[in-house]
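Here's a quick walk through a two-chain model, written for someone who likes the cut-offs spelled out. Have the viewer open as you read.

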Amino acid sequence: MIAIQTDDVDIGALIAAAKKHGTGAVVVFDGIVRDDDISEMELEAYEDVATQELEKIARNATEQFGLLHVDIIHRIGRLGVGENILIIIVAAGHRKEAYTGSRFIIEAIKAGVPIWKKEMTKDGGRWVPGEHGHGKPETS
Amino acid sequence: MRWYGKENTCEEEEVMVKIRFFARFRELLGTDIMTDVVAGTMFTPLITTIAKKNPEGYAAIFDENGAFHEFVILMKNGKRIEIADAAKTMVVDGDEIAVFPPVAGG
């Protein structure tokens, strides 16, 4: 499942569905809204392009690390402190591939998927600066 | 170029494009802007014209010399356009142009 959506997901159900034949490890990454003295977070995406980028990242990770299953769900809209922002589920035959594949996916998302976060505070809001100045899309 | 009969006048052909700004740029300039431009218009002057509608929006995207800030990301129909190529990239009818700051998802 690759999706950009406002709704939350059932992580337990995703883990259950990820356990394909041959799975020896499932790694879950759950990025959540941190309490940085904010009231909530607003997320925005260039949805068509972002979805295509997520699909490409999932394909690349699957090929590069021999993954058996990948889910990437990135939420948008207004999210409160403690809510899930990004869920990545990776299944592989062994832990090494699962951990490495999961790390590859999150770093690729941060590097190039057109999604933005605004931290809402009592004084207004502030856009979160990107970690990668040029936001260069992940290449195949 | 369209020519009109006996008056022997002409009208420059126009094309329709959509401009999408995101994040801070969207707050300053709006988004999903449908606009008619003269056929043959290049990417940079198109964005310049739109951005000039709000001085703060213009300053967010362009420097004092009228060049794109190096961090600005440009796309045409979902494909990246390098800033160095923007001045010589022509927009055509139906194009979707996107302009946005560095990404910060995850």
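Predicted model: local features only at pLDDT ≥ 70, side-chain atom pairs only at ≥ 80, totals over all residues.

## A helix pair in chain A

α2(A) passes α3(A) in a right-handed crossing (for handedness, a crossing is right-handed if the near helix is turned clockwise from the far one by less than a right angle, and left-handed if anticlockwise). The residues that make this contact are A:Glu53, A:Ile57, A:Ala61, A:Gln64 and A:Phe65 on α2(A), and A:Glu97, A:Thr100, A:Gly101, A:Phe104, A:Ile105, A:Ala108, A:Ile109 and A:Gly112 on α3(A). Here, two residues are in contact if their C-beta atoms, placed from the backbone, lie within 7 Å. By type, the contact residues split into 7 nonpolar, 4 polar and 2 charged. In that scheme Ala, Val, Leu, Ile, Met, Phe, Trp, Tyr, Cys and Pro are nonpolar, Asp, Glu, Lys and Arg are charged, and the others, Gly among them, are polar.

Two packed helices are described by the angle between their axes and the distance between the axes. For helix α2 (residues 47-65) of chain A and helix α3 (residues 95-112) of chain A, the axes come within 10 Å and cross at roughly 150 degrees. The axes are lines fitted to C-alpha atoms, for helices over the stretch in contact, and the angles run from 0 to 180 degrees between N-to-C directions. Helices (H or I, at least four residues) and strands (E, at least two) are DSSP runs, numbered from the N terminus.

Residues are numbered from 1 along each chain as its sequence is written, and chains are lettered from A and ligands numbered from 1 in the order in which they are written.

Chain A averages a pLDDT (the predictor's confidence in each residue, from 0 to 100) of 93, with 94% of its residues scoring at least 70. Residues 134-140 of chain A are below 50, and this stretch has 20 contacts in the model beyond near neighbours in sequence. Chain B has a mean pLDDT of 90, and 90% of its residues reach 70 or more. Its residues 1-9 stay under 50, with 10 contacts beyond four places in sequence. For the complex, the predictor gives an ipTM of 0.87 and a pTM of 0.89.

## Where the chains meet

At the interface, 26 residues of chain A are in contact with 15 residues of chain B. On the chain A side, the elements that give two or more residues are α2, α3 and β7 (115-121). The largest share, 4 residues, comes from α3(A). That side of chain A divides into 13 nonpolar, 9 polar and 4 charged residues.

Chain B has 4 helices and 7 strands, in the order β-β-β-α-β-α-α-β-β-α-β along the sequence. Take B:Leu46, found in helix α2 (residues 43-51) of chain B: B:Leu46 is buried, with 21 other C-beta atoms within 10 Å. Not counting residues up to four places away in sequence, B:Leu46 touches B:Val37, B:Thr41 and B:Val91.

Most residues other than glycine have a negative phi. B:Asp32 has a positive phi, near 50 degrees, and is found in the loop between α1 (23-29) and β4 (33-38) of chain B. B:Asp32 counts as exposed because it has 10 C-beta neighbours inside 10 Å. B:Asn77 also has a positive phi, about 55 degrees, in the loop between β5 (73-76) and β6 (79-81) of chain B. With 14 C-beta neighbours inside 10 Å, B:Asn77 counts as partly exposed.

Key: Buried ≥ 20, exposed ≤ 12 C-beta atoms within 10 Å, placed from the backbone.
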